[in-house]
Amino acid sequence: MLALADRKASYKVPPTVVTDRLVSQEARRTKALEEQKRRRAQKFDNTRNLDAFADLSLGPSDDEGDEDFADAPVIIREGIAGYASLAKQPEDLQPPEGQEQQMEDITRPKKKRNKIKRKRTKAKPSKWADKCMYAELLEMKEEPSVWVDGKSEPDDGLPSDMEQGWVAVAPVPVGKRCLAITHQSAAGVIGISPNTTLRSRLLGKMLLPRFPSSLPPLTILDCILDTSWRQNGIVHVLDVMKWKGQDVADCETPFRFWWRDTRLAELPRFSPPSSAFHFSLANDRAHAQSAQQPDQYRFPYPTSFIPIPYHTDTTFGSLFSSIIPLARSTREISVEVPASAPFQPSSPTSMSIDTTCNPIESRLSKLVTNQIPSDGLLLYVAQASYEEGTSPLSCWVPIQPIAGSSSQEGVPTTSNSSPLDLFQR
């Protein structure tokens, strides 16, 4: 009965509550970091090919060879290849009649049965499934326990190296976690030919058909698709795994974030697409939305890849003064949209009509400020590399409480308390 109650309590609960209840998050984090260091050292050793030189030796010197083998008998090493011509070749051999009949029966094709057995094949999972580094919920205690394991300071559940070994990301926007993957386009024209796809975090399914972007080919980004991307066309870039074929996932967290900001700032900017453009898979939805709000421009696909701010200074003074207030605040991002959206026919098969007389005015655009709500705060271990799946090397502190979550000792938290408030206390 107790096991059944535990299963009901763990239903739809974040992975950090279900996995390793008896092991603290601090211990699992230390173990994961040591495992990363071991894999990294092993990868470097394999690259240097040290195993190929392990069994090599210099051998005896010339002087030692003359003294030791001067009186040794000489061994002539000769194979039997020279005697092959002396052997008599057998005459033409014919197999027996019984064996010939048996060979004919084997080579004769068999008749297929009328009944065809249908094999049930399961759908193969996508290779992009569960590739994002998904953060665990940071384990905190509402009432810190004093004098635990001989410690003089109260144990509140926070990491012991919070001020030195962590990187904070705030404000984390509300949206859908995904991977932005670019492919090598046939045309090779950046920003015109469709080269980018968005894959869901858990199953790796396509969220949108392939669309053009300014990202270089062979790039993989860990992103958050904004909930209002139809109005602002924004994809928030959280981390980078690969850039233009260069693997960056093995690098440490501060370098990855610096690389992300530097490379995204170098991308060219293009004017927003025409309102007449739409995907063939979402015709009905796009036209229904445009019918409800005919005067508002709607992005047919995401156009802006905006990096989420990160902070390497995680001292308590910086957390209280800047990072936590940023995690609570709403971020403002300006996006370029067309100044006026011309009228287009409602039928998807009809011809687009250009109602503007001046072609220069049709390309005019304006900046619109969008309010991006925050979903909380993310914490990354500074020395950790990018790790696929759920990892204790990244922790999440949400603003809103999660229904059904509980502390490590099984004591439920109050429903009205915010995890970010508890983190600040």
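Helices (DSSP H or I runs of at least four residues) and strands (E runs of at least two) are numbered here from the N terminus. On that count the protein has 11 helices and 14 strands. The model is a predicted one, so local features were kept only at pLDDT of at least 70 and side-chain atom pairs only at pLDDT 80 or more, while totals for chains, interfaces and linings use all residues. Residue numbers start from 1 along each chain as its sequence is written, and side-chain values rest on heavy atoms, with hydrogens and water left out.

First, the overall picture. Of the 425 residues in the protein, 34% are buried, where buried means under 20% relative accessible area, exposed means over 50%, and partly exposed covers what is in between (1.4 Å probe, protein chains only). The protein exposes about 28,700 Å², and carbon and sulfur atoms supply 54% of that; accessible areas come from the Shrake-Rupley method with a 1.4 Å probe, and for residues only the protein chains shown count as cover. Contacts (heavy atoms within 4.5 Å) reach well along the chain: among those between residues at least 6 apart in sequence, 71% join residues at least 24 apart.

Next come the nonpolar cores, each a set of buried Ala, Val, Leu, Ile, Met, Phe, Trp, Tyr and Cys residues joined through side-chain atoms within 4.5 Å. The largest has 43 residues, and Val169, Leu377, Leu379, Leu420 and Phe423 touch the most other members. Strand 2 (residues 166-173) gives the most to this core, namely 6 residues. Apart from it lies another core, of 20 residues, including Phe211, Leu221, Val237 and Leu267. Back at leucine 379, the contacts beyond four places in sequence include Leu138, Met162, Trp166, Val167, Phe423 and Cys395.

Helix 3 (residues 25-48) carries arginine 29. This helix has 24 residues and reaches 35 Å from its first C-alpha to its last, close to the 34 Å expected at 1.5 Å a residue; the expected span is 1.5 Å times one less than the number of residues. Gln25, Arg28, Arg29, Ala32, Leu33 and Gln36 are its buried residues. Arginine 29 counts as buried because its relative accessibility is 8%. With residues up to four places away in sequence set aside, arginine 29 touches Leu138, Pro159, Trp166, Val381, Pro392, Leu393 and Cys395. Just after helix 3, asparagine 49 takes a positive phi of about 55 degrees.

Helix 7 (residues 253-265) passes the length check too: its 13 residues should span 18 Å at 1.5 Å a residue, and the end C-alpha atoms are 19 Å apart, which agrees. Buried here are Thr253, Arg256, Phe257, Trp259, Arg260, Arg263 and Leu264. Seen down the helix axis, these buried residues fall within an arc of 160 degrees, so they line one face of helix 7; the arc is that of the directions from the helix axis to the C-beta atoms. As background, an α-helix has 3.6 residues a turn, so residues three or four places apart point the same way. The buried residues of helix 7 pack against strand 2, strand 7 (234-243), strand 9 (304-307), strand 10 (310-311) and strand 13 (374-381).

As for the cysteines, the structure holds 0 disulfides, a disulfide being a pair of cysteine sulfur atoms within 2.5 Å. Cysteine 178 is in none, and the nearest cysteine sulfur, that of cysteine 223, is 5.4 Å away. For cysteine 223 the closest cysteine sulfur is that of cysteine 178, too far for a bond at 5.4 Å. Cysteine 178 is buried at 0% relative accessibility, and cysteine 223 is buried with a relative accessible area of 0%.

Cysteine 132 sits in the loop between helix 5 (97-107) and strand 1 (133-137), and is buried at 0% relative accessibility. Beyond four places in sequence, cysteine 132 touches residues including Arg177, Cys178, Arg201, Asp222 and Tyr386. Its C-alpha is separated by 9.9 Å from that of serine 391, 259 residues apart along the chain.

The loop between helix 5 and strand 1 also holds aspartate 130, which has a positive phi of about 55 degrees although it is not a glycine. Aspartate 130 counts as partly exposed, at 35% relative accessibility. Lysine 244, in the loop between strand 7 and strand 8 (246-247), has a positive phi of about 55 degrees and is not a glycine either. Lysine 244 is exposed, with a relative accessible area of 60%.
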